[in-house]
Amino acid sequence: MRRLANWARAIPLMLMVALAACAQPPAAAPTTGGLPATSANTTPAAPTRVTIGVLSDDKSLATKLGGLPITSGGDLRFLQNAPLVVLDPQGRPQPRLAAELPDRDRNTWTVNPDGTMTTTWKIRPTALWQDGQPVVARDFVFALQVYLDPAIAVGDREPERRMDRIEPVDDRTFTIYWKQPYPWANQLGQGQLEPLPEHVLGALYSAGDKEAFQNAAFFTGPDYVGAGPYRLVNWIKGSQMDYRAFDGYVLGRPKIDEVTLRINPDPNAAVATVLAGAVDLTNGFVLGQQQVSTLKEQWESRGDGVVISNPTHTRYVNVQQDPGKGGQPALRDVRVRRALISALDRVTIAEVVTAGRAPAADVMVSPNDPLFSRVLQTVPKYPFDSTRALALLRDAGWTRSPAGALLDASGQPFQLDVRTNASAADNVAQRELMASNLSALGMDITQSESRLATEREFNANFTGIYAILQPINVPNGVTVFMSDQCPRADNRYVGGNYGCWANPVFDRLISTATTSLNDAERVDATVQAFQTMNDEVGIITMSYSTENIPIRKGLVGPGPRWPAQGGTTWNIHEWAWTQ
């Protein structure tokens, strides 16, 4: 608890570091990477540019249709797309495409006696698509139709699945009819009912070939039309994406003319690009703790920039419990899952993996959250105790041989595959430490790696345990662990409940926590949901995690973000090089 308390007190200091970047333009601008040249007949000022290092690109530019990877998805979303609302670094909703937030006092948000609701939204009159056409009500009607279509592989149908229909009031006003209460119905943000350009895509969708619609070239190149501050002009797959400022952006033309995303899956190579001046900042998942230390010693210390750390995620482990995916059937025994978590020295693993920057965690709740102390007092906890782990395994029918191997009654070894995403060195370090802890129990351990987020089938069909990151987002982010979020063939492997843990009590509690309009009822349900999850060890929470973002001297605007809202670029239209 002392580590958690110290870390919580340190968070405001980490956020304040963002203010430390001082003013000075870069010594040399990054190359345009294929952007069209300025006319030779004029001599305008050289365009201002920012180059951002990211780990990967994706197959689609649409927010909800491409399965954008956690490593760069948020940055892509805010460059080319625009939601109705964004959250500032304190989590406060700010209208973006919306002219204002629906409000019960103004009767633009109504709640009916049967629990159904309506919210009426007005679109800003300046909202334009990047082809110059206005963003209108039918674009939201069309988007809801697409997002609820079971033939379309939508990565997340929240909160659209709670909506019954949308009716236009006029071109710039529409009303959403909700099937059930939704406490955040007036702040639809990133990835929530983001509009699609019906004037471009409507005919293709209506043609009926849903596979052709989702695989259309529109989503994979410069023909893409979004409503965000930048438009894609060049895409070298796996290497670079180049964007130009959209003059008609809803909040005014961005201050920086051109943005390049430089794709590099090697964190050490990414550090080299920062040191060499080829990259002005990286998004939060590029740098591991070793790379942060290098930049602080060789870059920040000489005044070339600043590295900010922002607590945004928890590391956790999915435990495969779906009989249809093979693997180790013992994982469906709660005693075995309790043995696994008891066998993991999570305090030491967190110390190593985060270089002491973030502690081990028992729940997916930030120490800054008012709910934290209440949740922590309520949930079962599993301190590192290998003796306790072996006792639980014995109760479940597993014994150690004279040679130390863990065997069942028929003499078969306890085989377990430990998987993670190897794109970051921190993930690999965590996987290897976990494997070492579990091998010490006598388990026969193998190690494997996940693939790109677009390879849903491979990632869903792991056979043992799978360690990943989850944004801190209570309670909405916890809906991914509901029973209906298990990714299987019949739902095109869409869903975030990779371990397919299923508990009807948890489902009911999370449903209440995300639908009740009564604050106290939502809080009670959230606390009880975490209690249920920890009791059954539906997942194994490992540690907190920080994003680490190097920002070159003179670039102002990048900084901390609200953890539940992915993307360093949430305010990129305000970024600027200072003189």
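Which residues in helix 14 meet which residues in helix 15? The first view gives the answer for this predicted model, in which local features need pLDDT of at least 70, side-chain atom pairs count only at pLDDT 80 or more, and totals for chains, interfaces and linings use all residues. Residues are numbered from 1 along each chain as its sequence is written, and side-chain values use heavy atoms, with hydrogens and water left out.

**View 1. Contact of helix 14 with helix 15.** V505, F506, L509, I510, T512 and A513 in helix 14 meet E521, R522, A525, T526, Q528, A529, T532 and M533 in helix 15 (contact means heavy atoms within 4.5 Å). By class, this contact has 8 nonpolar, 4 polar and 2 charged residues (Ala, Val, Leu, Ile, Met, Phe, Trp, Tyr, Cys and Pro count as nonpolar, Asp, Glu, Lys and Arg as charged, and the others, Gly among them, as polar). Helices (H or I, at least four residues) and strands (E, at least two) are DSSP runs, numbered from the N terminus.

**View 2. Axes of helix 14 and helix 15.** The axes of helix 14 (residues 504-513) and helix 15 (residues 519-536) come within 8 Å and cross at roughly 150°. Helix 14 is therefore roughly antiparallel to helix 15 (angles over 145 degrees count as roughly antiparallel, and those under 35 as roughly parallel). Axes are lines fitted to C-alpha atoms, for helices over the stretch in contact, and angles run from 0 to 180 degrees between N-to-C directions.

**View 3. Helix 6 and helix 7.** The axes of helix 6 (residues 267-275) and helix 7 (residues 289-300) come within 10 Å, crossing at roughly 20°. The two helices, helix 6 and helix 7, are therefore roughly parallel to each other. In helix 6, P267, N268, V271, V274 and L275 meet Q291, T294, L295, Q298 and W299 in helix 7. This contact of helix 6 with helix 7 divides into 6 nonpolar, 4 polar and no charged residues.

**View 4. Loop between strand 17 and helix 14.** P475 is found in the loop between strand 17 (465-471) and helix 14. The peptide bond from V474 to P475 is cis, with omega near 0°. Y493 also has its place in the loop between strand 17 and helix 14, and phi of Y493 is near 55°, a positive value in a residue other than glycine.

**View 5. Loop between helix 3 and strand 6.** P159 lies in the loop between helix 3 (137-147) and strand 6 (163-170). E158 and P159 are joined by a cis peptide bond, with omega about -5°.

Methods:
Parallel < 35°, antiparallel > 145°, perpendicular 65-115°, else oblique.
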